[in-house]
Amino acid sequence: MPIPKLLILLAMGVIAISNATADVTEPPQTHAAMKVATITKMYEQDINNQGMDNPVVLQQYANPDLQAAMKLEQDYFDKEQISCHIGYDVLWNSQDPDYEQEKEFSITEQGLVKISLAQGSNVYYDLSCDCMNKEIKCQVADVIMDEDGASLREYLLETCR
């Protein structure tokens, strides 16, 4: 009788292994889709709160490197009582954002998330993504502010020292 029990246990093991393999091979959401989803969520939050989040919505979605650059900006203001920031809302490329404007989200060939705003300007986001527990989590690594590739993180690191 020990042989049939062994066969049953072996069969159960094969089923368990094939089920585990099936879970691993299921196609996860792509990095590109997760990048767009992250930026879409960030904009929805900014729209819902009319840009009044504290800390600002960008800082909430930023990776540690961009957060550190944004902290330099805050520390500079606390010390000098003048600002070293860009002077406009980088999410909307405007000093007075129109939260109702149409926008389109896409991915560039370089893997940046491109936001095309109704006012005719584009904002680009560089995101870093990590896979944790079968989930892809993306954070904003940098904001590319213009077509020439000007980096928000680099600007803050240079200007706010």
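**Pockets and a helix pair**

Trainee: How much space lies in the largest pocket?
Mentor: Happy to start there, and do keep in mind that this is a predicted model. Among the 25 residues lining the largest pocket, Val-56, Met-70, Glu-73, His-85 and Tyr-88 are the closest to its centre. The space in this largest pocket comes to about 580 Å³.

Trainee: Are H4 and H5 parallel or oblique to each other?
Mentor: Two packed helices are described by the angle between their axes and the distance between the axes. For H4 and H5 the angle is about 40 degrees, and the axes lie 9 Å apart. Angles under 35 degrees count as roughly parallel and 65 to 115 as roughly perpendicular, so H4 and H5 are oblique.

Trainee: How many charged residues are in the contact of H4 with H5?
Mentor: H4 brings Asp-65, Leu-66, Ala-69, Met-70, Leu-72, Glu-73 and Tyr-76, while H5 brings Arg-153, Leu-156, Leu-157 and Thr-159. Seven residues of this contact are nonpolar and one is polar, and the number that are charged is three.

Trainee: And how much space lies in the second largest pocket?
Mentor: Its lining includes Met-34, Lys-41, Tyr-61 and Cys-138. That lining divides into six nonpolar, three polar and two charged residues. The space in the second largest pocket is about 190 Å³.

Terms used
Residues are numbered from 1 along each chain as its sequence is written. This is a predicted model: local features need pLDDT of at least 70, side-chain atom pairs count only at pLDDT 80 or more; totals for chains, interfaces and linings use all residues. Side-chain values use heavy atoms; hydrogens and water are left out. On a 1 Å grid over the protein atoms alone, a cavity is a set of points where a 1.4 Å probe fits but cannot get out, and a pocket is an open set with protein on both sides within 12 Å along at least five of seven lines; lining residues have an atom within 4 Å of a point. Grid points are joined across faces, edges and corners, and a volume is the space filled by probe spheres set on the points. Ala, Val, Leu, Ile, Met, Phe, Trp, Tyr, Cys and Pro count as nonpolar, Asp, Glu, Lys and Arg as charged, and the others, Gly among them, as polar. Axes are lines fitted to C-alpha atoms, for helices over the stretch in contact, and angles run from 0 to 180 degrees between N-to-C directions. Helices (H or I, at least four residues) and strands (E, at least two) are DSSP runs, numbered from the N terminus. Angles under 35 degrees count as roughly parallel, over 145 as roughly antiparallel, 65 to 115 as roughly perpendicular and the rest as oblique. Contact means heavy atoms within 4.5 Å.
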